[in-house]
Amino acid sequence: MTIKQPSDSAQRLAAVDPARSFIVQAPAGSGKTELLTDRILGLLATVRRPEEIVAITFTRKAASEMHARVLAKLQAGLAPAPAEPHKQHSWQLARRAMQCDAALGWNLLQYPARLSIRTIDSFCAHLARAMPWLSALGGLPAITDDAREHYEAAARATLAMIDDSEPVAHFVAHMDVDTRAAQSLLADMLGSRDQWLPLLGEGADAQQLLEFLSEVLEEDLRRLEQAMPIGWAQQLAPSVSRAAQTLATSNGTLDLSALRGWQGKPFGTRLQDLEMWQALGNVLLTAGNSVRKRVDKRQGFEAKSDYKEEFSVWVNNIADTESWVALLADIRCAPAQGYSPEQIETLQALIHVLRLASAQLLVRFTEAGEVDFIEIAQRAIQALGQVDDPTDLLLRLDVSIKHLLVDEFQDTSQSQIDLLDRLTAGWMPDDGRTVFLVGDPMQSIYRFRKAEVGLFLKVQAQGLSNVSLTSLSLTDNFRSQAGVVDWVNKTFEELFPTSANPAMGAIPYSKSDAFNEALPGSAMTFHPVWDVTDDEVSGTNNASSQAESIAVDLVREALQSHPDSEHPVAILVRARSHLGGLVHRFAQENIACRAVELVSLKSRQVVSDLVQLARALSHPADRLAWLSVLRSPV
């Protein structure tokens, strides 16, 4: 009997090689956690202490699940080989790991805490706690999940300096003396300070921002130049240059002066070439940034002229969906002349205000005795020192950590990349130390934690500062049947951008291969519901109500078709708030459902009754509380 193997089995086997460093792109359902745990098992057979392996993820739940899976596999390694073929490789890795456990006296099953699997925040807190003097935190303060209150307080304190600080006064004037908007803007910026503080180091000024602007514009021009169709310059130059010449002697609506005398040579990608690209955008695109299908004398094209025919033939073969059209539209909006003197003055004031706000936030953190995740990460990096001036902590970690694994790497922020670079600063090629990064940029969800999915693409292409990484991609989907996988591939390929753009966080879709065969019948069925805007239509017929009715009917049908299934139906919505009406409909239809964390604890009837009872007992004269208790269930 032939055993079916995943189409990406070679990539999976390579990924557990303990001598090499990898970055793995693993889409949904590809067995990412299985691969990570197998990697840990393979590494355990090569180290002298299990603490030499550090696995980092982003949530406590993920860390707990990974820890439990590793322990379960180690336990299985003591048993006979499993009959299932897909479990045998993990069993072999676990077997070797348990042999090392016995030989070196680790006793991992008795002391599972020796497996260093933790969240990125707990790891940073561990580093800051290890060197309280160097991290400048002293005793580790509390960590808050939502620091917005502190950001707002720091912003208010900064604006309160308006009488003593000219930059603050300039900033408030720039905001039209709208202090509420100014405070909100500063608070938002403090929530992403790990991204801009490194750019505003000592000596940073508006001139440096001008250099950054030039770099971004030139990168955009390079991307546009690569996306342009073959032969575009030679085909457009004759007609466009004549249109530019015609406009120079007439009262046309476009400025194509930069294209006068164009001989058909493609434009460059330096800042001085921006004006020509923008002129090309003006003639090729309409005000709505679609391809200009019609031209006339207002654009410099004389009626019934041969060069107008040539231009029309070319543009009519271009679709609005081609990638270069959107790139050219963006370039049209770029500031060709950089910043004006007034803008430079405002930027200089903003730089000063941001530094003041950052300092005020540190004061606020000290007063409150708690910090945010960004502060912990920054202090952890500070405790490690510099590459050329490492602290004792970094030197100790350089010796004690042999292998780093990071899960959900698509949700990594720049500060966390800096942390990895600092931890691997002293590593040398082929010294036996490895980095293993795994994630799926198509599933990046931690924008609220300042994660930048473009960092995944950057590291995938360039590696870390001191570690070269081999890029692997998993393709097989073990979670869904072929019909579902095919539908997802077809649908999402059209929704995702066609090419990667790390600066913009644009991720192209990567197709998955179905490991499971298609099941009989239709895998996906679309039930459209159109929104009704007629004011005369009653609320019972609006789109939400229609969608809820369809969902109820489908659930009832599924329950009747699969009466023995424990969980026959799952409902996925875009936001938790969308489930409120649906759960109410299920209650009306006597359909039992389990809505996890949908109803807050304080909203539950039993909690409300207990609160009223506590109020009645603490204040016997509280008549409303006693009435509520009397009306509560016995």
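**Charges, cores and rings**

The protein chain carries 59 positive and 78 negative side chains, and the centres of those two sets are 4 Å apart. Please keep in mind throughout that this is a predicted model.

Now the overall dimensions. Taken along the principal axes, the C-alpha atoms of the protein chain fill a box of roughly 85 × 80 × 70 Å. The accessible surface of the chain is about 35,600 Å², and carbon and sulfur atoms account for 53% of that. The chain has 634 residues, 41% of them buried. Its secondary structure consists of 25 helices and 10 strands. As for contacts between residues at least 6 apart in sequence, 73% of them join residues at least 24 apart.

Which residues touch the most other members of the largest nonpolar core? They are Leu404, Phe409, Leu419 and Leu437, in a core of 58 residues. The element that gives the most to this core is helix H16, residues 341-368, which supplies 7 residues.

A pair of rings is described by the distance between the centres and the angle between the planes. Taking ring centres within 6.5 Å as the cut-off, the count is 14 aromatic pairs. Two of the pairs share Phe301. In the pair of Phe301 and Tyr307, the centres are 5.7 Å apart and the planes stand at 35 degrees, so this pair is tilted. Both of these residues are buried. Phe301 and Phe311 have ring centres 4.7 Å apart, again with planes at 35 degrees, so that pair is tilted too.

Where do Phe301 and Phe311 sit? Phe301 is in the loop between helix H13 (274-284) and helix H14 (306-315), while Phe311 is in helix H14 itself, so the pair ties together parts 10 residues apart in sequence. Phe301 has a relative accessible area of 0% and is therefore buried. Phe311, also at 0% relative accessibility, counts as buried as well.

One last item: Trp232, Trp262, Phe267 and Trp277 form one aromatic cluster.

Methods:
Residues numbered from 1 in each chain as written. Heavy atoms only, no water. Helix = DSSP H or I, 4+ residues; strand = E, 2+ residues; numbered from the N terminus. Buried < 20%, exposed > 50% of the residue type's maximum accessible area, 1.4 Å probe, protein only. Contact = heavy atoms within 4.5 Å. Areas by Shrake-Rupley, 256 points an atom, 1.4 Å probe, with all protein chains shown as cover. Lys, Arg positive; Asp, Glu negative; His and termini not counted. Charge placed at Lys NZ, Arg CZ, Asp CG, Glu CD. Core = buried A, V, L, I, M, F, W, Y, C linked by side-chain atoms within 4.5 Å. Phe/Tyr/Trp six-rings, centres within 6.5 Å; stacked < 30°, edge-to-face > 60°.
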